[in-house]
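Subject: Structure for your review

Dear colleague,

Please find the structure below, handed over for your work. My findings follow it.

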Amino acid sequence: MAPLWPWLCALLAALPVALAGHGDPIAQKYIVEFADAETSSTSFLSTLNEHGIHASLNHDLSFALFHGGSFTLLNSDQNEAAIVKQISSWSGVKKVSPVRELHQPKREVSSVAHGAPIRRSVAPHGLRRRSSDHGDNDFPHIMSGVDKLRQEGYLGSGIRVAVVDSGIDYKHPALGGCFGKGCLVEFGFNFLENTTDPWEGHSGHGTHVSGLIAAQPNPYGFTGVAPNVTLGHYKILGTRVVKTGTDLVSASFKKAFEDGADIISASFGTYKGWSDEPWGQLVQKLAESGVPSFIASGNDGTYGLFLASNGIDNSAGIGIGSVNNKYSPLLLNGATYSTANTTGEFGWQLAGTSDFKNGTYALYPSSLNASVVGDFCEPWTGNNANISDKIVLIRYGGCRGSQQQANAVKAGAKNILFYNNEAGTYELPVQDPGLTGLGMVSAQTGAKWVNLVQSGAHVNLHMTSDKFSKTIFINETNAQSGGQLSGFSQWGPSNELLPVTAVSGIGGFMLSTWPVLEGSYAIESGTSMATPYVAGCVALLMEARGKGNVTPAEIKALLSTTAKPNVFHDGVTGSPFLGSVAQQGGGVLDAYKLVHTTTTFNVSTIAFNDTEHIAPAYIRINNTASSPRVYTVGHVGAATVYALSDNSTIPQRNKLGHFVDRIPDSASLRFSTSTISIAAGSSAVIKVTATPPKGLISRRIPVYSGYITFNGTSVDDSFSVPYLGVATAMRNVTILDTTEGNYIVDSSTQERVKANHQFIFPGKNDPIDRANTSYPIFQTKLSMATNLLQIGIKATNNSTIFQAAAPQTGLARTVDGVAGPGTFSFDGQLADGSYLPAGNYSMVVRALKIFGNRTNLWDYDTVRTVNFGFTYAPSTAN
């Protein structure tokens, strides 16, 4: 039995080649990076077998930029941690990293408690178009300036864009109708089935994001950003028996590079926030070789700050946030309404199988206030109207939709139409069994009906069931949040305080292609949609400037510095100050300026770090024009946001209309010069010194940010460099919060263990669930991330601490069901495979603080559990 803390120094030396990763590790699977190009995956597999380590090769990941492969250890009876430590010690091995489970983007609408909803409506055949004030549906292109680039003839010709996703329905007429040489979708691979055919006809996600890049003219009047590009598609997401791992990401990026992709777009990820993950390091190497990678920042903005998607938790990955379309396109079931004086058409979205019966229903609004919050969140009391034969209209939000339904059913409702409290409609995830019909209409439709009833009108709805209704297309103005940052858009910074979002593309309420078998067209929202949109704009940039004439680092800087910073918006109301760089990056994409600017910067953003590491920054401004430029240097502060709730070490969450606590105070910046004159073809450098805002509550982790402005003689000649810093010392931040976790529970009762509790462990050769036995489970909860987590066992009467589990590195903070480490069960067996003798012990858990020194025990957050005792159950052998 090896003591833990004396063993610490040896561990620290081994960590660069030890475990590193994010998400849930897939048992027995590892990515091994070789120390040189001489080692091949097949020869390394032979070496493993020669050492008695039985393994199989998953993917040969070696190519010009990386040497290594992914392997599965086949003998589950061997000590996995010991094997990894052995492999890591070999001279031919540079690094060993676990393969992590890769999660598909959220697809269906979820309740508020489960994260940001992804709104979806699909168009079946037989649709009818509802009249609109506009002749086409390229509204996002007007927002971004792509429409002006179209007028100049830029369509992405000659650029090869690789999409890594769930497959593509290339048979779709708006996606070319074929696959291979001469087709719109010319190259790709299906990694799930190991074939060259990336077709997918049901899931839709990959087809939708591909259409945003390159959709051809279609009945809905929209096109992709760059319809003349050549598309590639690499299918790694979808239904399969085995778990999809991050080794597939590396394999797909490798294949895209080898197939000559100029741009890679990936709308997926899991959370880590540390820059040493293999995928992020591959993104770095691809960038150095001229291929930029655009990666979705994520759709879990509801969980607040410090939850960075991997792949962009490094300086090379280009993270993309989302801004809402100014219009909300809808594909809905058609129906009509009438009053004594008017008739009209409306659209509604079905919830599950709770369909309406054909017929006419009187409308009964439960409130005549179209802005009410908490409509039907409380049960009705007293005598009320008979609503059993009516359609009850309820404003969504204020409590769970299931609670609103239940209260309405108790009041006698049989049919409900919700109207949304934000743009678009939801496919309601929960349907009360007491209802016959359930659906949703848009906020505008609901408010219109409420106003009619308030004026004394009687509104009747003439419903046609989902089975027989025709689909109508509606394009409503998104007055509430159009043009604003999407509420689901992920917040940074990374755990190393790097801003992770470079720019925010248009991703909210996006109409695009959908598998033909499932309806052909659909509306979805997400950073998944914003990412290919930005990738398409960069295809236009490459077409305009020529491939190879702009580097990935320059592209990232151009995106950030030409963007338009937006105001802080909580999904309902805007504020009189700018939104945080932690959410929006440089701001809203400006594609026209991106393509045409002649002023460039050597940085995409500035990280001022925390108060212990703050340092001056230097910005180089390049004038590539044929005439001189003069810029006035200034500063516009953004909202300072608190990561933590007051009197808590748990990051606060965002809700519609109620985002994280923020104040308008910003940093003070000092510049080496206030005016810059740059001759044609020359450059200049300025020094920027930051002083964090004063009077902040440092224990709440204030994140300050803003924009360094460079104003020329016109709006088109003005730029901004985003910056971000933290007004506290991250070494002082709590990692192991004990209010919601980091204690032990009994495996048999799941109740928290009290001091001196006695366990009967299963015998050494018994199944873990042997009857009449139990063991302690440590409920690991990281309130903030850690790059090293150690779990030890300490005897009550001894100072020695034994290593109970292999160390874990590169961990994201805990968000239940989303990120963070799992629980740890202790049945007496230590990390080296030996067993502790029966006795009295406690668990000692240490988490390295952010920017902490691994050799300094004071830089660890430490939790010691209550004492517990255990004996082993007697052997059941005869």
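Helices here are DSSP runs of at least four residues, numbered from the N terminus. In this sense, Ser-528 is found in helix H11, which covers residues 527-545. Please note that the model is predicted.

Ser-528 belongs to a set of positions taken from a record: the unreviewed UniProt entry gives Asp-165, His-205 and Ser-528 the feature "active site". These residues span 364 residues in sequence, yet no two of their C-alpha atoms are more than 9.9 Å apart, so they gather at one spot.

Is Ser-528 buried or exposed? With a relative accessibility of 3%, Ser-528 counts as buried, because the limit for that class is under 20%. Asp-165 is likewise buried, its relative accessible area being 1%.

Asp-165 has its place in strand E7, residues 160-165. Beyond its neighbours within four places in sequence, Asp-165 is in contact with His-205 and Gly-206, and with Val-209, His-233, Tyr-234, Lys-235, Ile-236, Leu-237 and Ser-267.

Ser-486 counts as buried, at 0% relative accessibility. Which residues does Ser-486 touch, not counting those up to four places away in sequence? They are Ser-322, Val-323, Asn-324, Gly-508 and Gln-583. With Ser-322 there is also a polar contact between the two side chains, at 2.9 Å.

Yours sincerely

Notes. Residues numbered from 1 in each chain as written. Predicted model: local features only at pLDDT ≥ 70, side-chain atom pairs only at ≥ 80, totals over all residues. Heavy atoms only, no water. UniProt positions renumbered as here; feature names shortened; annotations may be inferred. Helix = DSSP H or I, 4+ residues; strand = E, 2+ residues; numbered from the N terminus. Buried < 20%, exposed > 50% of the residue type's maximum accessible area, 1.4 Å probe, protein only. Contact = heavy atoms within 4.5 Å. Polar contact = N/O pair within 3.5 Å; in protein donor to acceptor, adjacent residues only side chain to side chain.
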